[in-house]
Amino acid sequence: MRIIVIGRDGQVARSLAERAAAHGAEAVLLGRPKLDLADPSGIEDILYETGGDLIVNAAAYTAVDQAEAEPELAEAINGIGAGVIAGVAAAMSVPLIHISTDYVFDGTLDRPYREDDPVNPLGVYGTSKLLGETAVAEATGDHAILRTAWIYSPFGKNFVKTMLRLAQDRDEIGVVADQFGSPTSALDLADGIYAVAKNLLSKPQEGTLRGIFHMAGGGFASWAELASEIFAVSARSGGPSAKVRPLSTADYPTRAKRPANSRLDCGKLAAIHGVELPSWQSSLDRCLEQITAEQH
Ligand SMILES: NC(=O)C1=CN([C@@H]2O[C@H](COP(=O)(O)OP(=O)(O)OC[C@H]3O[C@@H](n4cnc5c(N)ncnc54)[C@H](OP(=O)(O)O)[C@@H]3O)[C@@H](O)[C@H]2O)C=CC1
Ligand SMILES: Cc1cn([C@H]2C[C@H](O)[C@@H](COP(=O)(O)OP(=O)(O)O[C@H]3O[C@@H](C)C(=O)[C@@H](O)[C@H]3O)O2)c(=O)[nH]c1=O
Ligand SMILES: [Mg+2]
């Protein structure tokens with residue numbers, strides 16, 4: 001199985017590269033400057049030249065606060081660009097796995113979100129990702145849109161690495177305790193993506209395998225709970241740690257509004273694709289081990 005991955009240095013792209021061999025797959029990563037989602041002109045030629053059995057779009061404009069100041073760029077990359085990739089996937093007759101986000105929801109529901117719950121993004125990033133979902137679905141029926149959340153990994157930028165960095169010169173860190181979600185290891189997500197890829201390729205006509213699925217780590221947390229667990233694990237191995245001061249959203253103003261509840265119900269994925277990601281706590285342990293190992 002040869003997979004074309006859109007995105008090169010991102011958390012999910014790098015995790016797909018790292019996990020490829022374990023799934024007997026070859027991952028070819030395409031990123032800027034060669035492939036720029038904001039500049040659709042050359043994309044079709046590059047994808048045809050590269051060739052593959054399936055495309056995974058793991059590239060996106062992911063700076064949630066910055067997006068409020070750059071809505072056109074975020075929508076070009078996450079909306080129009082995603083649709084261009086999907087159109088080429090259709091032309092090449094290969095399935096597309098597209099990665100989307102919990103931030104398409106407004107967070108007002110009082111239970112974990114299912115795939116068919118109403119979307120209503122609170123900010124530009126979520127709006128742009130929702131445009132991408134629509135563009136993908138319009139361009140090709142042969143797709144799985146995987147909504148995931150709160151990704152962490154040893155790679156790139158994420159909340160886990162931010163907390164470890166801040167703890168290096170602070171004893172106490174204020175973290176919002178009233179936003180709840182589904183922390184997800186990018187490496188677990190990569191394993192899940194390969195499992196879905198195999199299902200799509202082995203049953204090209206099977207409609208139930210196609211559509212929107214929630215794929216996130218097992219269990220839920222607030223950002224403050226996640227931070228506390230990061231520091232508890234890090235402290236045990238002598239790494240940086242700090243006391244977490246729980247804040248309300250109002251105490252931590254940000255440019256973009258974030259959902260208070262974006263917990264994802266992943267039952268549909270388990271029932272249809274037979275995929276269930278490990279609990280966020282067990283994977284966080286492994287991620288911190290990997291981060292610590294890389295620092296020595
Ligand atoms: N991070 C998270 O918590 C979550 C992410 N997601 C989604 O998961 C997917 C992967 O996210 P993640 O790996 O964390 O993202 P990262 O921010 O780690 O990486 C994003 C990648 O997209 C690339 N990219 C950005 N703009 C363009 C462009 N114009 N053309 C080509 N490539 C571009 C970046 O390239 P470069 O290195 O050149 O900047 C980078 O490699 C995205 O679709 C995101 O929306 C969903 C839920 C949670
Ligand atoms: C750094 C920091 C953040 N926070 C809060 C702000 C925010 O509510 C929450 C998380 O902040 P971050 O900016 O790290 O995370 P954020 O950029 O909102 O993360 C999101 O990224 C996009 C790409 C997604 O798709 C989402 O699933 C989600 O992972 O923690 C604190 O309370 N204290 C802090 O010191
Ligand atoms: Mg951020």
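What percentage of the 296 residues of the chain count as buried? In this predicted model, 50% of the 296 residues count as buried, a residue being buried if 20 or more other C-beta atoms lie within 10 Å of its own, exposed if 12 or fewer, and partly exposed in between, with C-beta atoms placed from the backbone. Local features need pLDDT of at least 70 and side-chain atom pairs count only at pLDDT 80 or more, whereas totals for chains, interfaces and linings use all residues. Residues are numbered from 1 along each chain as its sequence is written, and chains are lettered from A and ligands numbered from 1 in the order in which they are written.

The chain has nine helices and twelve strands; helices (H or I, at least four residues) and strands (E, at least two) are DSSP runs, numbered from the N terminus. The radius of gyration is 19 Å, close to the 19 Å that the globule rule gives for 296 residues, so the chain is as compact as a globular protein of that length. The radius is taken over C-alpha atoms, and the rule is 2.2 Å times the number of residues to the power 0.38. Along the principal axes, the C-alpha atoms fill a box of roughly 55 × 40 × 40 Å. Of the contacts with a separation of 6 or more, 83% are between residues 24 or more positions apart, a contact being a pair whose C-beta atoms, placed from the backbone, lie within 7 Å.

UniProt, in an unreviewed entry, lists residues 1-291 for "domain: RmlD-like substrate binding". This span is 39% helix and 16% strand, and its end C-alpha atoms lie 29 Å apart.

The largest nonpolar core has 92 residues, where a core is a set of buried Ala, Val, Leu, Ile, Met, Phe, Trp, Tyr and Cys residues joined through C-beta atoms within 7 Å. Helix H3 (residues 71-92) gives the most to this core, with ten residues. Val5, Leu16, Val56 and Ile193 have the most contacts inside the core. Leaving aside neighbours within four places in sequence, the contacts of Val5 include Leu16, Val56 and Ala58.

Ligand 1 is surrounded by 27 residues, the closest being Gly10, Gln11, Ala59, Ala60 and Ile151; a residue is near a molecule if its C-beta atom, placed from the backbone, lies within 6 Å of it. Helix H1 (11-19) and strand S4 (96-101) are the elements that give two or more residues to this shell, and H1 gives the most, with three. The shell has 14 nonpolar, eight polar and five charged residues. Ala, Val, Leu, Ile, Met, Phe, Trp, Tyr, Cys and Pro count as nonpolar, Asp, Glu, Lys and Arg as charged, and the others, Gly among them, as polar.

Around ligand 2 there are 20 residues, the closest being Thr62, Val64, Thr101, Val176 and Trp223. Helix H5 (159-167) and strand S7 (172-176) each supply at least two residues of the shell, with S7 giving the most, four. By class, the shell has twelve nonpolar, six polar and two charged residues.

Two loop glycines were examined. Gly7 is in the loop between strand S1 (2-6) and H1 and is buried, with 23 other C-beta atoms within 10 Å. Beyond four places in sequence, Gly7 touches Val12, Ala13, Leu29, Gly31, Ala58 and Ala59. Gly156 lies in the loop between strand S6 (151-152) and H5 and is partly exposed, with 17 other C-beta atoms within 10 Å. Gly156 and Gly10 are 146 residues apart in sequence, with their C-alpha atoms 6.2 Å apart. Not counting residues up to four places away, Gly156 touches Asp9, Gly10 and Gln11.

Note on methods: UniProt positions renumbered as here; feature names shortened; annotations may be inferred. Contact = placed C-beta atoms within 7 Å.
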